[in-house]
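Subject: A structure for you to look at

Hi there,

Here is the structure I promised to pass on. Please open it beside this email and follow along as you read.

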Amino acid sequence: MSRPLDPLPGRGHGLSGPYDRGWIQAHIPHQGRMCLLDSVVSWDDCRARCRATTHRALDNPLRARGQLGAACAIEYAAQSMAVHGALLASAAGTTVLAGLVASVRGVMITVLRLDDLEGDLLADVERVASDEHSALYVFGISHDGSTLVSGRATIAFRVPA
């Protein structure tokens, strides 16, 4: 079972921001409407918190039959993990490795839908283990102080040959 994530202090590492949608799209592969995140709220070596409003967008590419199911929150978390990796790579002056979600486990979902929530979503991710081939994150997607979806995800990196 995943544990809730504590709020993060500050932005981390003194990199110049803002870490807005433009920065995010320049640093992760998700583009256009598929980029679900609006900004990075805070981050450090192990964690990141991102804000999203796209769950209310009628043209959200994850909508099905006019609704955005709560399981789609996993994609918000995955993009936040990609942002965290991009922030770390930027701070280190390196290039981020492309990653794929290899597994998601221990997922807890407390709502049916995301599109009917009026406020912003917060995506909290925390890297709990990593090496050159993979990273393990815990994640939580919250709205108005309540965790809606949480779990663990393993990210497998495409290591250059």
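Two strands pair if DSSP finds at least two bridges between them. Strands (E, at least two residues) and helices (H or I, at least four) are DSSP runs, numbered from the N terminus. With that in hand, you can find alanine 48 standing opposite valine 125 in E4.

Before going further, two notes on how to read the values. This is a predicted model, in which local features need pLDDT of at least 70 and side-chain atom pairs count only at pLDDT 80 or more, while totals for chains, interfaces and linings use all residues. Residues are numbered from 1 along each chain as its sequence is written, and side-chain values use heavy atoms, with hydrogens and water left out.

How confident is the predictor? The pLDDT is its confidence in each residue, from 0 to 100. The chain has a mean pLDDT of 90, and 88% of its residues reach 70 or more. Residues 1-14 have a pLDDT below 50, and this stretch has 37 contacts in the model beyond near neighbours in sequence; a contact means heavy atoms within 4.5 Å.

Now to strand E2, which covers residues 47-52. E2 pairs with strand E1 (residues 39-43) in the antiparallel sense over four bridges. Three residues lie between E1 and E2 in the hairpin that they form. Serine 39 has arginine 51 in E2 as its bridge partner. E2 also runs antiparallel to E4, joined to it by six bridges. Is E2 enclosed or open? Five of its six residues are buried, so E2 is largely enclosed by the rest of the structure. Here buried means under 20% relative accessible area, exposed means over 50%, and partly exposed is in between (1.4 Å probe, protein chains only).

Next, the charged pairs. Side chains of opposite charge can pair when their charged atoms come close. A salt bridge is a side-chain nitrogen of Lys or Arg within 4 Å of a carboxyl oxygen of Asp or Glu. How many salt bridges does the structure hold?

- Aspartate 44 bridges to arginine 47, with the closest N and O atoms 3.5 Å apart. Aspartate 44 is partly exposed at 23% relative accessibility, whereas arginine 47 is buried at 17%.
- Arginine 51 bridges to aspartate 120, with the closest N and O atoms 3.7 Å apart. This pair links distant parts of the chain, 69 residues apart: arginine 51 is in E2, and aspartate 120 is in the loop between strand E3 (99-109) and strand E4 (121-130). Arginine 51 is partly exposed at 30%, and aspartate 120 is partly exposed at 29%.
- Aspartate 115 and arginine 113 meet at 2.5 Å, N to O. Aspartate 115 is buried at 12%, while arginine 113 is partly exposed at 28%.

Salt bridges that share partners also join Arg51, Arg56 and Asp120 into one network.

Last, two backbone details. Most residues other than glycine have a negative phi. Arginine 65, though not a glycine, has a positive phi near 50°. Arginine 65 sits in the loop between E2 and helix H2 (73-92) and is exposed, with a relative accessible area of 82%. Aspartate 144 is not a glycine either, and its phi is positive at about 55°. Where is aspartate 144 found? Its place is the loop between strand E5 (134-143) and strand E6 (146-157), and aspartate 144 is exposed at 71%.

Happy exploring!

Notes:
pLDDT is the predictor's confidence in each residue, from 0 to 100.
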